[in-house]
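My notes follow the structure.

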Amino acid sequence: MSGLVVGRAVGASGAGIAGAGARGAAARGRPTDRAWVEIDLDNIRHNAAVLSRLLPAGTRLMAVVKADAYGHGAVPVARCLEPMGVRDFAVATVDEGIQLRRAGIQGDILVLGYGAPERVREMVHHRLIQTIIDWGHGRRLAAAAGAAGLRVRVHIKVDTGMHRLGLDWRQQNEMIRLMSTAGLQVEGLFTHLAAADSLAPQDVSFTEGQIHRFRQVVAGLQARHGTVPPIHWQSTYGWLNYPQWPGRWVRVGLALYGVLSRPRERTRRSVSLRPALQWKARVALVRPVAAGERVGYGGGFVAGEGTRLAVIPVGYADGFARNLSAGRGHVLIHGCRAPVMGSVCMDQLLVDVGGVPQVEPGDIVTLIGQDGGEVMGAEEVAAQAGTITNELLSRLGGRVAKIYHGGCS
């Protein structure tokens, strides 16, 4: 088995970003005066193309753009992918789907999470496909649609072992009834694998059990109902680790953005992906601190001899996790790693730049990405914070400006 091959994102300055003229940008009121993310849409297109080429005939890529496309911007990402032939998108909420429709996205949009039956008119008006999350939810959706004289497009979720959303895999009678219920237009049947990202023997066994149960559902519906809606069961890791028996769609989220959930993860299928996002900020202030002085909230950091601290105007309100405090997290400045000192604040953090030469206010700081020969990947930052890349990226704050590179923005 080989690991997922991950490339590098765009350089530190990037198109449209001041390089040599970095200092003084704040005074000019640029969107890069404080903190921003740079998103390379060409890399997202590359990842979609690479993943699509692996799909067998009859299987389509469903781009998962929930949570603002994992922090990358749902509308720009969808607008980038649709012209290259991606016709299917997945979101978490009705409102996320409506946002795409209002931005002109024409492809099918599947709402993976709960959608209130009271919103059935909006679902139909915006041509959204709602997931049925259990038997009662399906009946309420049908009743609301019938009362309005409408038919709502739906996929039936099947719980094969994750025990989160879906009809229990043994409820095949109820699934058949839903497929024949007025007010519902059943266009898909799917499940979600709980441990497909792990190749540990116990997790492989659990995943194979889920797949077996889902196949039993499909076979049972085929025998008893005669027809089965198009199926899907693979998300990013399901496709990379269990590529056999593909369905109509593969739901690709994290891989679309060129990253894994954790550093150095092994997958059965190798794919050459490129990270699309870099996170930058600027040094606001550099100050020497006398030896023995306590720094930050609670005075958790005590300065040593020759301590120089840089104040970075980014904090946990921007998505930089507070548990990266006290040396657990690092940033890149001038191609060098600088440790976070003291506690990460809501709006600011402090880094020790005693070992970094000639740091001045206005200098670019890399929180995720590449600076010279050093790379601080999203997987590494997430691991330092004790979480996964999915959470790290999707929690990037709304006040962090997004700057797009590539020809499809």
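I looked up Q278 first. Q278 sits in strand β15 (residues 277–282); strands are DSSP runs of E, at least two residues, and helices are runs of H or I, at least four, both numbered from the N terminus. Q278 counts as buried because its relative accessibility is 0%; buried means under 20% relative accessible area, with a 1.4 Å probe and protein chains only. Its side chain reaches the backbone nitrogen of Q370 at 2.6 Å.

The model is predicted, so I noted the limits: local features need pLDDT of at least 70, side-chain atom pairs count only at pLDDT 80 or more, and totals for chains, interfaces and linings use all residues. Residues are numbered from 1 along each chain as its sequence is written, and side-chain values use heavy atoms, without hydrogens or water.

Next I checked helix α8. Its 25 residues (201–225) should span 36 Å at 1.5 Å a residue, and its end C-alpha atoms are 36 Å apart, which agrees; the expected span is 1.5 Å times one less than the number of residues. Among its buried residues are V204, I211, F214 and L221. The cover over the buried residues includes β8 (152–159) and α7 (172–179). G226 follows α8, with a positive phi near 95°.

Last came the largest pocket. Which residues lie nearest its centre? They are K66, Y70, H192, S235 and N390, out of 29 lining residues. The largest share of the lining, three residues, comes from α2. By class I found 15 nonpolar, eight polar and six charged residues in the lining.

Notes
Buried < 20%, exposed > 50% of the residue type's maximum accessible area, 1.4 Å probe, protein only. Contact = heavy atoms within 4.5 Å. 1 Å grid on protein atoms, 1.4 Å probe; cavity = no way out; pocket = protein on both sides within 12 Å on 5 of 7 lines; lining within 4 Å. Nonpolar A, V, L, I, M, F, W, Y, C, P; charged D, E, K, R; others polar. Polar contact = N/O pair within 3.5 Å; in protein donor to acceptor, adjacent residues only side chain to side chain.
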